[in-house]
There are 2 protein chains.
Amino acid sequence: MPEYKAPLRDISFLIDEVFDYPASYAALGASDATPDMVAAILEEGAKFCEQVLSPINRSGDEEECQWRDGVVTTPTGFKEAFAQYVEGGWNGLAADPTYGGQGLPHSLGLIISEMVASANQSWAMYPGLTHGAMSAIHAHGSEEQKQTYLTRLTEGRWTGTMCLTEPHCGTDLGIIKTRAVPQADGSYAISGTKIFISAGEHDMSENIIHLVLAKLPDAPAGTKGISLFIVPKFHPTADGVGERNAVSCGSIEHKMGIKASATCVMNFDGATGYLIGEANKGLNCMFTMMNHARLGTGMQGLCLGEASYQGAVRYANDRLQMRALTGPKAPDKAADPIIVHPDVRRMLLTMKAFNEGNRALAYFTAQQLDIAHRSDSAEQREEAENLLAFLTPICKAFMTESGLEATNLGMQVFGGHGYIREWGMEQLVRDCRIAPIYEGTNGIQALDLLGRKVLGSQGKLLRGFTKLIHKFCQAQAEHPRLAAQVAELARLNQQWGELTQKLGMAAMKNPDEVGAAALDYLMYSGYITLAYFWLRMAVVADASRQAGEGDSAYYQTKLATCDFYFKRLLPRTEAHRLAAEAGSDCLMQLPAEHFSL
Amino acid sequence: MPEYKAPLRDISFLIDEVFDYPASYAALGASDATPDMVAAILEEGAKFCEQVLSPINRSGDEEECQWRDGVVTTPTGFKEAFAQYVEGGWNGLAADPTYGGQGLPHSLGLIISEMVASANQSWAMYPGLTHGAMSAIHAHGSEEQKQTYLTRLTEGRWTGTMCLTEPHCGTDLGIIKTRAVPQADGSYAISGTKIFISAGEHDMSENIIHLVLAKLPDAPAGTKGISLFIVPKFHPTADGVGERNAVSCGSIEHKMGIKASATCVMNFDGATGYLIGEANKGLNCMFTMMNHARLGTGMQGLCLGEASYQGAVRYANDRLQMRALTGPKAPDKAADPIIVHPDVRRMLLTMKAFNEGNRALAYFTAQQLDIAHRSDSAEQREEAENLLAFLTPICKAFMTESGLEATNLGMQVFGGHGYIREWGMEQLVRDCRIAPIYEGTNGIQALDLLGRKVLGSQGKLLRGFTKLIHKFCQAQAEHPRLAAQVAELARLNQQWGELTQKLGMAAMKNPDEVGAAALDYLMYSGYITLAYFWLRMAVVADASRQAGEGDSAYYQTKLATCDFYFKRLLPRTEAHRLAAEAGSDCLMQLPAEHFSL
């Protein structure tokens, strides 16, 4: 298994040198998050991930979760690691101090989550879902619900889930069948079957708090008739848990990957539930958490891409095979290390460029999350919320597509050994493969970006971001080293607007044009977005290198990777643009039954 | 598991309507392969694959092969299926009648192998490797070796392997360590460890014949000192097998996919072996079979892409989720079938366009294989061999890359269900993932194409193919319906030559330029190659549709898929061209140690 080392240098480059988190934290009144404190937290988090989570990643994949008579056993070490995580205070890091959290910024929580998932994606699902449930209760729960549930979730004594999907519906939540019948005591009897419930049942916590979408008897049809309920596995008591509720795990799925994450079928047989938020507004409650959750899923692409890169670089330096095309580089050995071969470097640099570009995109987006949550200025909050709304589907879909490409390349670098489970590289591909699917498929993200966010705002959300790029390009137009790339970015930034207008015009005549262009438009947008972040990194790296600051090799590598990105990956925009412009006719002209001819 | 249906209509479209196999078979004197006979063989083959192999595909993945004390047990039904295959005469279909084969054309054998691998890729490995061993013995064995081994391999009583890879070398066979020491009786004592040996040990046949690369004691260093040996598991006797040879299976690998294919570590402990072909010419012996084997590996992309497509289309018609963007299409149901959504169609059509384009490429290439083997005309044989040499790396790499994309899309169409093993869609991704790696990684194929074949022939092999395209475009320039696509193909065909010249010039100054451009050059070449075959199909389909022949819906679908290919997939050439032209500097400028910063 590739041994994970948290990329602390790269993290500090982004938060200290590129995005100036310290200034941002100070402005947002996050006074606890001093640079020293942040550095200490990251170092401790790195240790935990490297020493506790990484070593049980491959064994977790081999052992998988086991289900027997409704009880789920997680692989060896998972339970103990969770206890250590809770003990270390990691679970409540970014949670509200009123309910026992440490109140540190969400962006810092995201970086810790990054290290956790890079080390062990399956394990990361348990705290990940808990954080989702915490957000929902924090945003929409009553004070009593917060005291009862949020405090114990924050403590890590209990864990949480999100129960949305049913056998016949995932994307289309308007047609869920789970029913909630009001009871005399103000509670509800919840009945129905939920599937694909991550962390739905396991042995890591005393209690599991399910957040369940269901319909009231008189609910309007469709998405406007969905309500959200809290359904605890055990009924809470003053100092712990009491009776078992009528919710049980019917089975767990056997999956391609994240095998140590329990994916449960949950049966609700008149289970007692409590309405959270307003009746029939359940989907809105979900939407408020969605930016955070989708950014988190996007991170999976980065995390597994990073883990794969670390393994691939090590292997490319160790494995001896063939001589360099330009003559032997290690003449004393039987062959040269494969990192001398241009095509191996192409694979490594593609991974590196995606990972580091995605990390910059994610940290910028997380910064907007902090601002949206904490700024005193309504204007700043709105601006941040708009950027968040725009960037979230890009984070989710682009980062998972490129992350999947990265993990596949990492495996390819290993040749035949990459296909053997022992080396751990193929697990990263399998663990990553779910990310383009869940939390809204990438096709849905693309519709969200082009249809809802961009065209739905008459281009306003797009302009909010392209304006940043435009200003950056203006400011750097004369950059002594990077002017050509700045000009290329400026050109694409303008083209982005033009393409959007074209698609908007077409969509007015035919709504299918949005669906036809959406995925390619999203990927196109992703490549330009990463180009912007790569140049922001390059400008900083170039300045520090010129100033002779710090580690010049690090900055040089950053510049070279930016160069690679512009030359070898950014040209993909052209293929996506042409495909996005191709129109819907070539997709829609065939009757459905002709697809099987 | 997607239930496999052999695409007999598409097969007959290609062999009867596009490539005119009957005329080709007649000209090559393959008088047994009459159209009626071919149709009957394909129908019987389809039945076997659909009814015998497809049903044990998923169970084979779940059971995997089991190793115990050197004995490998294949999953339930594998042994029986092999007996039926042998009984049905499938194993010797395209083999030399002198040694018990039926002497049918290789192209027909390829189509049967396609159906076999589409139904069950793991199972296909056993006869696949046997056919490889048969080719090697047929091409290089002595008459005695042919009588002893080839007859029984053809009969299917024995199976074969190819033992190349060792723990420290796969691509770089020049550094193998397995030794062959001459014995007094003219045999050799073979000692060493081979890994990744498909079908190295199993319970399906009476004997296993290993073809082993090893070095003689006085062999020159590198690839010019490799010899090929026959090492039987049991020593042959007049009517069967005798004593066990000193070769054993030390373990089997646990892999990402093709889990029912035994991938063995083979230990040769002074095993008795027999030189085949000339001493120190072992790699040449391998090369003569490589076109066939690499085409076969390319087929894996088509086969699993086809299986995945069949599953995805069925699911897209069944699964109800959301309403069409243009309003309800199935108002009587809770939601519309997802095939109404443009992005779902984009995925399906991408799969369909790759599969059918790849099938055309493969069948054309197989036709060249027939001509190269059978034509009386030396000129025809040379032309066919040149086309084969040129197209083989494209078949191997482009078909496996696009096939992997297809299987991933098929899984994506299923949403969360695609990730669940039960549905069988993720198995197809896992089974396909090895194809870009083995039989020469796609990076090696790319070097073979650009370095060895194209630049190594001073462009001659490229011109041999682009000339065909040029002639086709000239003939069809005024096509009433397809002229625009013909013009686009002609433009790209010319650009292909120009790009090649540019790369050739750069390579003269710096050999790294070949490695830097190779993979993108190969993919670029693949997209243009498929465009040519798509247009050839479209011209035929259009003519038949105009003439009111046969099934007009089938021809219309072909034309629509061609349209889709040109609009949505062919633009990818642009991204690959720009990347191929980007030069080696952005890959080579970083010292190896900077990759880990």
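Predicted model: local features only at pLDDT ≥ 70, side-chain atom pairs only at ≥ 80, totals over all residues.
A residue counts as buried when its relative accessible area is under 20%, as exposed when it is over 50%, and as partly exposed in between.

Most residues other than glycine have a negative phi. A:Asn280, however, has a phi near 65°, a positive value. A:Ile258 also has a positive phi, near 30°. Is A:Ile258 buried or exposed? Its relative accessibility is 2%, so A:Ile258 counts as buried. A:Ile258 lies in the loop that joins strand S10 (247-252) to strand S11 (263-276) of chain A.

The UniProt record, in an unreviewed entry, lists residues 162-269 of chain A as "domain: Acyl-CoA oxidase/dehydrogenase middle".

Attention now turns to the helices of chain A. Helix H15 comprises the 27 residues 483-509; at 1.5 Å a residue it should span 39 Å, and because its end C-alpha atoms are 40 Å apart, the two values agree. Several residues of H15(A) are buried, among them A:Leu489, A:Trp496, A:Leu499 and A:Leu503. Which helices do the buried residues of H15(A) pack against? The partners include helix H11 (378-413), helix H13 (442-455) and helix H16 (512-546) of chain A.

Two of these partners, H13(A) and H16(A), also meet one another. Two packed helices are described by the angle between their axes and the distance between the axes. The axes of H13(A) and H16(A) come within 8 Å and cross at roughly 95°. An angle of 65 to 115 degrees counts as roughly perpendicular, and H13(A) is therefore roughly perpendicular to H16(A). The contact involves residues of H13(A) including A:Ala446, A:Leu450 and A:Val454, and residues of H16(A) including A:Ala518, A:Tyr521 and A:Leu522.

Finally, the two chains may be considered together. Two copies of a chain are related by a rotation about an axis and a shift along it. Here a rotation of 180° with 0.0 Å of shift along its axis superposes chain A on chain B, with an RMSD of 0.0 Å. The two copies are thus related as by a two-fold rotation axis. In chain A, the C-alpha nearest the axis belongs to A:Ala575, at 2.9 Å from it. The same surface serves both copies, as 99% of the contact residues of chain A recur in chain B.

Definitions and conventions
Residues numbered from 1 in each chain as written. Chains lettered and ligands numbered in written order. Heavy atoms only, no water. Least-squares fit on C-alpha atoms with pLDDT ≥ 70 in both. Contact = heavy atoms within 4.5 Å. UniProt positions renumbered as here; feature names shortened; annotations may be inferred. Helix = DSSP H or I, 4+ residues; strand = E, 2+ residues; numbered from the N terminus. Buried < 20%, exposed > 50% of the residue type's maximum accessible area, 1.4 Å probe, protein only. Expected span 1.5 Å × (residues − 1). Axes fitted to C-alpha atoms, helices over the stretch in contact; angles between N-to-C directions. Parallel < 35°, antiparallel > 145°, perpendicular 65-115°, else oblique.
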